[in-house]
Amino acid sequence: MTKRNPTRKIKVGSTFIGGGEPVVLQSMCATKTVDVAATAAAAELLRDAGAMLVRIAVDTPSDAEALSEIRQRTTANLSVDLQENWRLAERVAPFVDKIRYNPGHLHHTETEMSWREKVKRIAAIAETNDCALRVGVNCGSLAPNQVSADDPIFISALEHTQYLDSIGFTRYCVSLKSSNAAAVIAVNRRFAAERPDVPLHLGVTEAGMPPEGIMKSRLALETLLGEGIGDTIRVSLTVPNERKTEEIQAGRMILDNVSRGIVLTEKDWQPQRLNIVSCPSCARVQNSAFVELAQRVREATKFASGLPITIAVMGCRVN
């Protein structure tokens, strides 16, 4: 593998991200968080498959309450995914190793508070509870004043990292995600050039179903890792809960390819012009039939494979 960017090393539970450490594989539970037994079992299954970090969605006080028991039932390093409900950080921090917040969603609630006030509070909670942070910027949820800006994902990530540095919190990594592989490559290259010290979490969000979702992820992640960019990765696939380990298998394949100098390019993969974007199965999906729906949409639209059409199959309010 190409010499990696000299990012700072941050501790996340029993593992480290950045600083020349091996690239960390991640995945996310697709079970309902309030189902303690199922979620703990899913976390253990992913850990056994090679996930050094397992993410869990927490949206409600009930989810937060369940997390304390989940923590007792799994030895996986846990990351919690907060969206609009940033105040739940205080309730979940004692039971996890990393908190992910979405900069865009900090603007949707408690609008009388600035995003800086909220981030300062989240960072203080993380520090008190020995947690790392992920600044998770997503093309589908940007700050209202940045939507029309040039390269808003980059601007948002840079703004938040500069603010965290200014308040003395540096135990964080950043993700800059899009459902478009080319956009993921471009924005991560730009951010890595501007902030080579910041550990990067790589992924193509809403990549879709296998095999197309794996190919999109390969295109972005193999390119970036081959250039020395990236410290932790997640391959986000639309698959049922019992197949979530496929995300880890795909991630291993990507790392193995890069180590052997095999990097997928657009010339190697000529995708159908029809592009189905579907969010990865997770706890927020409101109906367990979501994955089946995505598969049915793919089958029903085969006739249009040569047309330049994008169809989005979204499973929750976030996407």
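Predicted model: local features only at pLDDT ≥ 70, side-chain atom pairs only at ≥ 80, totals over all residues.

Visitor: Where is T161 placed?

Guide: T161 belongs to helix α5, which covers residues 152-166.

Visitor: Why does T161 count as buried?

Guide: The relative accessibility of T161 is 0%. Buried means under 20%, so T161 counts as buried.

Visitor: What makes the link between the side chains of T161 and R195 a polar contact?

Guide: The two side chains are joined at 3.4 Å, and the cut-off for such a pair of N or O atoms is within 3.5 Å. A polar atom of the T161 side chain also lies 2.9 Å from the backbone oxygen of L158.

Visitor: Leaving aside neighbours within four places in sequence, which residues is T161 in contact with?

Guide: They are Y172, V174, F191 and R195.

Visitor: Why is α5 called roughly parallel to α6?

Guide: Helix α6 spans residues 181-194, and its axis and that of α5 are 10 Å apart, at an angle of about 30 degrees. Angles under 35 degrees count as roughly parallel, and therefore α5 is roughly parallel to α6. The crossing of the two helices is right-handed.

Visitor: Which residues make the contact between α5 and α6?

Guide: From α5 come I153, F154, A157, L158 and T161, and from α6 come V187, R190, F191 and E194. By class, six of these residues are nonpolar, one is polar and two are charged.

How values were computed. Residues numbered from 1 in each chain as written. Heavy atoms only, no water. Helix = DSSP H or I, 4+ residues; strand = E, 2+ residues; numbered from the N terminus. Buried < 20%, exposed > 50% of the residue type's maximum accessible area, 1.4 Å probe, protein only. Polar contact = N/O pair within 3.5 Å; in protein donor to acceptor, adjacent residues only side chain to side chain. Contact = heavy atoms within 4.5 Å. Axes fitted to C-alpha atoms, helices over the stretch in contact; angles between N-to-C directions. Parallel < 35°, antiparallel > 145°, perpendicular 65-115°, else oblique. Left-handed = near helix turned anticlockwise from the far one by under 90°. Nonpolar A, V, L, I, M, F, W, Y, C, P; charged D, E, K, R; others polar.
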